[in-house]
Each structure stands twice: as structure tokens, then as C-alpha cells.
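These are my notes from one sitting with the model.

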Amino acid sequence: MASILRLRKLCYVEPVKCSPLGFESFESPKSEKEPFEPPKIEILEKQLVDEIVVLDKQKRKKPKRGPREWRCVDYCCWIIGYLCTTWWLLLLLYHSLPANLPGLKVAEPPGVRLKREGVTALHPLVLVPGIVTGGLELWEGKPCSEGLFRKRLWGGSFSEIFKRPLCWLEHLSLDNETGLDPPGIRLRAVPGLVAADYFAPGYFVWAVLIENLARVGYEGKNMYMAAYDWRLSFQNTEIRDQALSRLKSKIELMYVTNGYKKVVVVPHSMGVIYFLHFLKWVESPPPMGGGGDPGWCDKHIKAIMNIGPAFLGVPKTVSSLLSAEGKDVAFIRAMAPGLLDSELLGLQTLEHALRVSRTWDSMISLMPKGGETIWGNLDWSPEEDYGCVSAKKTNMQPSGGININNTDGKRGLRVQESVKHGRIISFGKDASRLPSSQVPNLGSKHTAFLHSQMDLSTRVQSNPPNQQEFVHATTSTNPNTSCGEIMTEYDEISRESIRKVAENKAYTARSLIDLVRFVAPKMMQRAEAHFSHGIAENLDDPKYSHFKYWSNPLETKLPDAPDMEIYCLYGVGIPTERSYVYKLSPSDRCRSIPFQIDSSADGSKDGCLKGGVSFVDGDESVPVLSAGFMCAKGWRGKTRFNPSGISTYVREYRHKPPASLFEGRGLESGAHVDIMGNVALIEDVLRVAAGATGEELGGDRIYSDILRMSERINIRL
């Protein structure tokens with residue numbers, strides 16, 4: 001700029017003549033006698049032009065900034081952004097491409113094909129959702145929930161999680177003393193088929209099955225979704241909402257209005273044991289029961305088609321109650337240490353998840369049932385020779401056909417590594433492998449220690465003024481660890497006591513009940529009034545008329561309904577969590593979880609122990625043992641659990657992952673929720689609803705080792 005101003009000054013002061021190129025030059029008189037010299041102004045012009053060019057280049061050049069240091073949050077945001085963008089692009093591409101391109105042709109829905117074959121709606125249908133999949137809407141809340149009246153807080157867009165997460169968690173929690181609504185908060189199950197057709201936008205649960213049922217003639221008058229608040233204990237759904245009474249009335253109404261046709265009930269996951277509770281409740285006398293006649297079930301129910309049944313519990317429930325973990329959380333912890341434990345903005349993710357889930361009594365209904373008789377001990381388990389197989393090898397097996405004797409052991413890769421699945425919780429990899437003689441004794445001394453700690457906790461709950469005495473007793477090694485508000489119940493336990501609970505010990509299905517009582521005394525004291533996990537010695541004992549036993553198939557009898565049928569429909573061929581290797585958490589901060597899965601614990605290359613979790617065959621959530629044992633053995637024929645000889649059928653669906661991203665979640669998936677879109681399962685449900693029997697379907701269809709596992713279980717039938 002300075003050069004330009006100097007140039008303009010020269011132009012105005014001296015007589016100038018502008019050059020045709022737009023640059024100004026001087027003309028000075030030349031003497032003929034003087035030799036010719038180039039005008040000095042040309043040199044000046046050249047210098048000015050050079051300066052202008054240099055200034056222009058400098059102006060265009062942007063100052064270089066140093067490389068930005070990326071934080072963990074930046075990486076997470078970019079990864080999430082890339083994933084979302086890729087997903088939406090693929091979705092757009094899928095819907096924009098013509099359906100007749102090779103590999104993109106949409107398979108004919110089973111409902112369309114069966115309708116063409118003459119299959120039509122006959123028996124009314126009742127659908128019973130499982131845990132988590134049913135929507136919950138707000139009817140009354142705290143001031144922080146303003147504007148959310150009758151909006152879904154669960155089973156929707158989940159936008160409120162990001163807007164007001166702590167308010168959202170507060171409203172999902174139940175009262176820690178009663179197991180019912182906290183003061184000033186009312187969440188209720190969303191009614192109708194929309195309660196569980198989609199869990200979130202684009203993620204179906206019942207929607208595909210409902211759509212295919214509609215194609216053969218089903219609609220609102222002959223199909224009903226028995227929605228309930230899945231957080232409550234089963235008996236509390238009746239006490240608070242009269243959910244069992246409404247289900248009884250609805251079945252009776254559908255029976256009458258559909259030409260006295262019996263009802264086909266289709267429960268899923270935890271809904272299976274919820275409806276098992278209903279079977280006993282409906283024929284029991286009031287006030288505890290529904291007051292139906294002894295033949296009510298035989299009169300009104302044709303078949304119960306249990307999808308992904310959790311009859312004998314789910315081992316992953318134990319890890320959820322101990323540390324709010326599973327294989328996925330353990331993987332995230334291994335890949336990004338500290339991410340889930342971050343105290344940034346006060347979000348301690350796992351602590352909040354643990355605090356909320358421990359108020360849900362329904363979680364206890366999914367604890368393993370049957371003790372060591374069913375799940376094994378320190379040295380034995382029914383799946384002891386199971387070999388983990390990759391999905392690719394599993395899918396190389398011949399497909400289709402009925403096979404009830406497929407127990408030759410050739411389906412899996414047998415490995416030399418000994419996995420002791422009966423040790424559901426092991427503290428340290430050595431404790432999961434050592435012979436039982438070398439595992440620290442869990443006998444009377446250890447049990448007495450756990451009970452002494454639980455008794456101390458119980459005294460505190462019943463006598464609050466002495467709480468400081470309790471804190472002093474349980475925090476003797478560090479008297480300043482009390483945190484005031486209890487978030488996870490772990491703050492009521494001294495670190496010394498927690499260390500003694502671990503110490504390389506292993507816990508089986510019998511001893512882990514004491515372990516959960518120790519780490520979650522408030523929850524267990526409340527929930528064990530509603531659930532039991534043993535095996536009945538004498539089912540005629542009057543004590544088994546109490547509702548706490550009704551959801552345990554090993555402590556209750558099926559109704560007297562010889563014409564009814566029971567199906568166990570579940571996926572196989574997916575590694576499913578069975579037992580865990582734990583370690584003490586390195587964190588000592590206030591309100592922290594002292595245990596975590598040891599993600600560094602791995603077995604051999606082809607073994608079943610990966611990242612601190614050992615796997616068996618199942619549907620990714622429920623092991624085959626829990627899903628199939630009752631239909632394969634416990635209820636097969638006339639047994640003390642099935643005195644009227646109700647026919648039972650095992651129908652397994654071998655998992656086949658989707659061939660491409662365009663296939664969505666797969667038409668042959670065996671996963672716990674995705675199986676609801678499995679073409680073969682939908683066809684079985686439609687045929688039974690249209691009047692077919694189990695024999696007409698082809699009887700059992702078994703691909704797993706369930707028959708061999710059942711033979712190994714020594715239980716009196």
C-alpha cells in the first residue's frame with residue numbers, strides 16, 4: 001500500500017502520461033546533445049509492480065496453523081458422524097435402486113405365500129412382549145419433565161436422553177423400597193400393537209410378524225398386544241395396573257367374539273416367564289390369583305409359542321447386576337479405557353445404569369434358575385464339551401429337514417481347552433480354570449462371611465439411626481469412603497470386604513445368589529419376595545401356592561390342559577454369554593463400581609473364552625440350555641412339572657447372517673430380537689394360528705446339543 005501511495009503522489013506532482021497498460025510514467029525533455037538514457041521512471045515502475053505482486057502473494061497466503069491435538073471426544077464424534085452418514089447413504093441407495101437388480105430382489109413375504117396356499121386367520125392371537133422392548137409413556141413427572149406428558153420415555157426416539165439425561169434416568173427408576181412408582185412419577189406401558197412393534201425408528205421387534213399376520217386376515221379384533229410395565233415384578237403388574245386381570249378378560253373376550261376359537265399366545269423373551277406366571281395366577285383363588293376355574297387354560301388356550309424363551313434364566317443378568325457389563329461394554333472398555341468411567345459433566349455411565357436397573361425387580365426374574373443341578377458346579381456343566389464354532393463353519397452344515405437326533409458332536413470344533421462354564425463368575429483367569437481342589441474354599445466360612453455382611457446391611461436398613469455405626473464397621477479400612485447419597489449400594493461395603501469377596505474365588509449358580517445378595521442387598525431383599533430360583537422337591541407342598549414360585553418352571557406345575565401345546569422357538573449358532581472372568585476395578589473414586597470384566601482374559605485361539613467372557617451356543621442372549629431344556633426334557637411327556645402331559649415341541653432356527661447390507665437384519669437370523677423377522681419362524685406361527693398342530697409342522701427341529709445337554713442333567717421328573 002505504501003508503494004501505491006508513493007506512485008499516486010508522483011503522478012499528481014509531476015506531469016505524467018499514462019501508459020496504455022495503465023501504469024503511469026514521466027516524460028522529461030531530452031537534449032539532442034545529451035546521450036540517450038532510459039527514463040528512471042521505468043525502473044521505478046518495475047520496482048512498484050514487483051512490490052505489488054509480492055504484496056498480493058503475501059495477502060493470498062494464509063498463515064499456517066499448527067496441527068490440532070485431537071481429543072477422545074473428537075474421535076468419537078467423527079466416528080459416529082461417519083457411521084450415520086454411511087448408514088443413511090446406504091439406506092437412500094437401497095430405496096432408490098430398482099428392485100429387479102441382481103441381488104436386490106426382495107423375497108416374497110411368508111404371509112403372501114401362505115395366503116396363496118389357502119392359509120387364513122382362524123385362532124385369535126395374543127402377543128406378549130419381553131423385557132425392554134415395550135414402550136413406556138409419562139403420565140406424571142417432576143418439573144424437569146415439563147412438556148413430556150404422554151410422550152414415550154422408553155421405546156421411541158430416545159431424544160430426551162441427550163436433552164436431559166439425569167431427568168430421564170430419574171423417571172425410569174422405581175422406588176427402591178416398594179418396587180413401585182416413586183413419589184410424583186408415573187410411567188405406564190403404551191397400549192396397543194404400537195407398544196412393541198418398533199423399539200426405535202427403523203428397528204423392528206414385532207412389526208414384521210404383525211405385517212405378515214395381517215396378510216392372512218389378522219387385525220385388531222383378533223390380535224392383541226398384552227403390553228405391561230416390564231420393570232415391575234410380575235405380581236406387581238397386577239397390584240398396580242391390574243395387567244393380569246385385563247389379560248384374562250381380553251382372552252375371554254377374544255374367545256367369545258371369534259366363534260369360541262381358542263387363543264394362540266406368542267410371548268417373547270421375558271414375556272415367556274411372565275405368561276408362565278399368568279398360567280398359574282389365572283387358575284389360583286383370589287386375592288392372590290385370578291379366580292379362574294381349574295380348566296380355564298384348557299378351555300381358552302390352544303397353543304403357547306414361546307419365542308427366545310428364558311425359562312431357566314440368563315447368565316448375563318448376573319454381570320448386569322454386578323457391574324452393568326456384558327461382552328459389548330467390556331469390549332468398549334478395552335478399546336477406550338476410561339470412556340465409560342469418565343466423570344466429565346458428571347456422567348458416570350455404568351454407575352447410572354447400575355443404579356437404575358437395580359430398581360427393576362423384573363431383572364431378578366432372569367437370574368439363573370435350578371442352581372448347580374441345571375447350570376453345573378466347579379467341575380462340570382451340561383455344555384462341557386461344547387466347542388466354539390465360527391458362523392462360517394456353522395453355516396457349512398446341511399440345511400433344512402427335521403432332525404431330533406443331531407447330537408453326534410460333529411457340528412462344532414472340539415477344542416482341548418477345558419472351559420468350566422459352571423463357574424459363572426470367576427475372579428481371575430486362574431480361578432476359572434484351576435481344579436476345584438485348588439480354588440479357594442467357598443464353604444461355610446466364606447458363606448458365613450457373606451451372611452454376616454448381609455445381616456449388617458439388613459440391620460442398617462431396619463434401624464437408620466445406627467447407620468453411622470454401619471459405615472464405621474464396613475469402612476474400617478478407610479473411614480472416609482462414605483459418599484452420602486448411595487448410587488450403587490457398593491458405597492455401603494468396605495473395600496476390604498470387597499477384596500475378600502474376590503480373592504481368586506469362583507461362584508456357581510448356587511453361590512452367586514449369595515454374592516448378589518451381598519452386593520445388592522436392598523434389591524434382593526425386595527425382589528426375592530417375588531421370585532425364587534430353586535428346584536422344588538415336592539410340588540404339592542402348600543408353600544408353592546405362593547406367587548413367588550409361579551414364574552419358575554422348576555417350582556410350579558403346568559395347568560391341567562392336555563389339549564394345549566407348548567413350543568420352544570429359538571435361534572442357535574450364535575456365541576452366547578455363559579460365564580465371566582472378573583477383576584477388581586482400579587478406580588477407587590467415590591460411587592464407583594469395584595468390579596469389572598477382565599477383558600485381557602483370553603483362551604486359546606479357537607477357545608470359548610474371549611475378552612473375559614466365555615461363550616456357548618444360543619441366540620446371542622439366551623443359551624440353548626435355558627431356552628430348550630423344559631420343552632426337550634422338563635415337560636416332555638407326563639412329568640411332575642407337566643402332570644397332564646401337554647405336548648411340547650422344540651423348533652430351532654439356525655442362524656444365518658445377512659448376505660449383504662441391503663438384506664437388513666436378515667431373513668434367516670437366529671438372534672434374540674432379529675429372529676422376529678425370521679421367515680421360517682413367521683411361517684410356523686402363521687400355520688399354528690391357522691389351525692395346524694405341532695405334528696403337522698413336523699414335530700421337533702433340532703440343530704443344537706440340547707438333547708445331549710438334557711441327558712446330562714440329573715433331575716427328578
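I count two strands as paired if DSSP finds at least two bridges between them. Helices (H or I, at least four residues) and strands (E, at least two) are DSSP runs, numbered from the N terminus. The model is predicted: local features need pLDDT of at least 70, side-chain atom pairs count only at pLDDT 80 or more, and totals for chains, interfaces and linings use all residues. Residues are numbered from 1 along each chain as its sequence is written, and side-chain values use heavy atoms, with hydrogens and water left out.

**Entry 1: the parallel sheet**

I looked up the strand order first. The open sheet has 6 strands, in the order β9-β3-β10-β11-β14-β19, and the pairing is parallel. β9 (223–225) and β19 (647–654) are the edge strands, each pairing on one side only. From one strand to the next the twist averages 15°; for angles, axes are lines fitted to C-alpha atoms, for helices over the stretch in contact, and the values run from 0 to 180 degrees between N-to-C directions.

I then went through some of the pairs. β3 (residues 125–128) and β10 (residues 263–267) share 4 bridges in the parallel sense, with Leu127 opposite Val266 in β10. Two helices turned up on this sheet. Helix α9 (residues 243–257) touches β3, β9 and β10, and its direction makes about 175° with that of β9. Helix α23 (residues 679–689) touches β3, β10, β11 (301–307), β14 (565–572) and β19, at about 170° to the direction of β11. Contact here means heavy atoms within 4.5 Å.

**Entry 2: strand β14**

How many bridges does β14 make with β19? I found 8, in the parallel sense. With β11, β14 pairs in the parallel sense over 5 bridges. Tyr567 of β14 has Met305 opposite it and also stands opposite Tyr649 in β19.

I checked burial next (buried: under 20% relative accessible area; exposed: over 50%; partly exposed: in between; 1.4 Å probe, protein chains only). In β14, 8 of the 8 residues are buried, so the strand is largely enclosed by the rest of the structure. Both faces are covered, with Glu565, Tyr567, Leu569 and Gly571 on one side and Ile566, Cys568, Tyr570 and Val572 on the other. In a regular strand the side chains alternate between the two faces of the sheet.

**Entry 3**

I moved to an open sheet of 3 strands, in the order β5-β4-β6, with antiparallel pairing. β5 and β6 are at the edges with a single partner strand each, so one side of each lacks a neighbour in the sheet. The twist averages 45° from one strand to the next. β4 and β5 run antiparallel, joined by 2 bridges, and Leu136 stands opposite Trp154 in β5. α6 packs on this sheet, touching β4, β5 and β6, and its direction makes about 80° with that of β5.

In α6, I noted Cys167, Trp168, Leu169, His171 and Leu172 as buried. These residues pack against β4 (136–140), β5 (152–154), α5 (159–163), β6 (186–189) and α14.

**Entry 4: α6 against α14**

Helix α6 (residues 165–172) packs with helix α14 (residues 349–357) at an angle of about 20°, their axes 9 Å apart. Leu166, Leu169 and Leu172 of α6 make the contact with His352, Arg355 and Val356 of α14.
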